[in-house]
Amino acid sequence: MGLKDYIPHLPLRFWDRIRFPNKFTRDLAWGLIIGVTLSLSSTSFAILFQDWRRKRAIARIPPRPIEIRSDEIVDGVMGLIGNTPLIRINSLSDALGVEILGKAEFLNPGGSVKDRVALKIIEDAEAQGLLHPHTGSVLFEGTVGSTGISLATVGKAKGYECCIIMPDDVAIEKVQVLEKLGAKVERVRPASIVDEKQNLARKRALEFGQTPLIDPPKSNPEVVLSTKADSSEVGHEVNSSESLVPTITLPELLKPALETKPRGFFADQFENESNFYAHYKGTGPEILRQTSGNLDAFVSGAGTGGTVAGTGMFLKKALPELKIVLSDPEGSGLYNKVKFNVMFDHKEREGKKRRHQVDTVVEGIGINRITQNFSLGLNVIDDAYRITDEEAVAMSRYLVAHDGLYLGSSSACNLVACVRLAKTLGKGSRIATILCDSGSRHQSKFWSDDYLRENDIIIDPSIIDRLLES
């Protein structure tokens, strides 16, 4: 017996069983097998590589400033502020062949984009030791409505009272909401921005306490703060060369005895840089994340200037080719500042001004001076559009009819500007804007047909149809 007779018979392997009629057929078959294998391998590698690149790109997008999950309990009203949805405006997007996206800020608990600002102003003041909750302290602000409502909402949640100074010709429902939130409302005649009435909130904050506590950083606007503690409790000697009332510096504010005394704090939304950073650290990163960086333009109006400056500055740094565009109502000087570097509007001429400061039915945006917040982002604004009252009114009615969106006047202005801008961009472009608040706080003016007719403002939704077709 040979050696092979002692080797056990093993079953044939699969490929040993395969019989090819000739060498050519065998080589062809193996070639196909190897080709398919390599093809599948390269496809898998390409998919893995694309997935790696996508994850890497997503990793570069900043995380949510405030995390909200449907399966979590958020921390009171403050937990509801921010991370608002970015919604597609279907009627405008479909008509133009672009994506017009609106940041639904009206879904914040206080009903507007100003919730972000109110929260940031209060939190920053607390971090600096300027405010302490549940001490009877009062927040003072001059506003046409939304910021006041937001301060009253967030203030109540955090343990502060509110005193709001408002023009007496704003929509009455804003006053009613403020009063329901427990805020004290002082209404004054509309006045120029240089009139002392514009500083009434500042004056009231100083009058609130017996002792002003002022620590103005050299590079920032003055902090206006007062306390009901008297000068002996403050322990500060008043020099005859100083003001008639004592002031102390920030380190002395941290004395425990002072922390329990009520304070009057002027929020100063126009000059307080917390406004800018609320959007630079919140709204901007959210839009970048929600669009995955696929964005061609950002449109916003400006009142205090914090939204367009803060959001625009952040987005411009992340996406250098992005266009930042200002939406400005009639009577405001910001349009001319952006376009021609001159703060002037033709309605400012003698005998041309019907009302005050900004001659428009639009409330919340438009101004005739450069605020500290606006100046921080002025250099990133690429273009501006002037929006008429008739266009804003037409857009608001058009959106209700076609999208079921019931929005306020500044939101309507922003979307008119989006339509105009879209005409200059290519098909498939993406534009994001701010939907500042809903129409519910504009019912007695912007949404009142009687009021508009009395002020000779045309109500004609077909204006938007013609704008889309042009």
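The following legends describe close-up views of a predicted model.

Local features are given where pLDDT is at least 70 and side-chain atom pairs where pLDDT is 80 or more, while totals for chains, interfaces and linings use all residues. Residues are numbered from 1 along each chain as its sequence is written, and side-chain values use heavy atoms, with hydrogens and water left out.

**Figure 1. The protein chain as a whole.** The chain holds 18 helices and 12 strands; these are DSSP runs numbered from the N terminus, helices being H or I of at least four residues and strands E of at least two. Of its 470 residues, 49% count as buried, that is, under 20% relative accessible area with a 1.4 Å probe, protein chains only. The chain exposes about 22900 Å², of which carbon and sulfur atoms supply 55%, by the Shrake-Rupley method with a 1.4 Å probe. Among contacts (heavy atoms within 4.5 Å) with a separation of 6 or more, 71% join residues 24 or more positions apart.

Figure 2. The whole structure contains eight aromatic pairs. Rings of Phe, Tyr and Trp (its six-membered ring) pair if their centres lie within 6.5 Å; planes under 30 degrees apart count as stacked, over 60 as edge-to-face and the rest as tilted. The ring centres of Tyr277 and Tyr280 are 6.2 Å apart and their planes meet at 80°, so this pair is edge-to-face. Both residues belong to helix 11 (residues 274-290), and because they are three residues apart there, about one helical turn separates them. Tyr277 has 33% relative accessibility and counts as partly exposed, the class between 20% and 50%.

**Figure 3. Arg397 over two aromatic rings.** Arg397 lies over the face of Trp447, 4.2 Å from the ring centre. Arg397 also lies over the face of Phe446, at 5.8 Å from the ring centre. A charge sits over a ring if NZ of Lys or CZ of Arg is within 6 Å of the ring centre and within 35 degrees of the ring normal.

Figure 4. A cavity is a set of points on a 1 Å grid over the protein atoms alone where a 1.4 Å probe fits but cannot get out; lining residues have an atom within 4 Å of a point. One cavity of 30 Å³ or more is found in the whole structure. The largest cavity holds about 40 Å³ of space, a volume being the space filled by probe spheres set on the points. Its lining includes Leu151, Lys156, Tyr160, Cys162 and Leu181. Helix 5 (146-158) gives the most to this lining, with four residues, and strand 4 (161-167) supplies at least two.

How values were computed. 1 Å grid on protein atoms, 1.4 Å probe; cavity = no way out; pocket = protein on both sides within 12 Å on 5 of 7 lines; lining within 4 Å.
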